[in-house]
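Student: I have a structure open and want to talk through its fold. Can we go piece by piece?

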Amino acid sequence: MLRVAVVACVLAGACAPVVDTPETRARAADVADGDRLGAQLAALPGAWSAHATLHRAFRDPLTGQSSPAAASALIVVEATADRTELQRAADVLVHAAAPDIVAPAVIVVAGAPRPELASVGPFRVARGSRGLLVATLAAGLVAIAGLAIALARVLQRQRGTSAQ
């Protein structure tokens, strides 16, 4: 009975651990390095977002096939940012992260201009909407104060009539 269970387990493959191929391990390392590089590029001053993909040269020891190294990075920056300086800094970071890649594709593009924001209490609104929001909040405050005064008068009349 035990032999049958052991044979069934071996045949089903349930007892065997999953072993990653060298290519799978290399791709996982490339993805992790690309994510770290993307985070570093996104931390550049003026950058809104950044994405990086790395693919280091790999020769599969089982098949003998090889794939060339490549890298690409896309950085979206503010419209007012100095793109040439950011391009230079991004090139330096990409070459430092993957020195074996000769010609990485690094693209720096300007995003849509952001609206200017103004603070009104706990709210942040477009600068053009600030006056309208202040007027709305003031009107709401006056309405609440008016309702509070009306309620106080009604309660005062009720106390006066119940006391007599």
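Tutor: Start with helix α2, residues 22-42, which lies across β1 and β4 and runs at about 155° to β1. Helices (H or I, at least four residues) and strands (E, at least two) are DSSP runs, numbered from the N terminus. Axes are lines fitted to C-alpha atoms, for helices over the stretch in contact, and angles run from 0 to 180 degrees between N-to-C directions. Contact means heavy atoms within 4.5 Å.

Student: Where does this model come from?

Tutor: This is a predicted model, where local features need pLDDT of at least 70, side-chain atom pairs count only at pLDDT 80 or more, and totals for chains, interfaces and linings use all residues. Residues are numbered from 1 along each chain as its sequence is written, and side-chain values use heavy atoms, leaving out hydrogens and water.

Student: In what order do the three strands of the open sheet come?

Tutor: The order is β1-β4-β5, with mixed pairing. Two strands pair if DSSP finds at least two bridges between them. The edge strands, β1 (47-55) and β5 (105-110), each pair on one side only.

Student: How many bridges join β4 and β5?

Tutor: Six, in the parallel sense, with β4 covering residues 70-77. V77 has A110 in β5 as its bridge partner.

Student: And which helix lies across β4 and β5?

Tutor: That is α3, residues 83-97, running at about 150° to β5.
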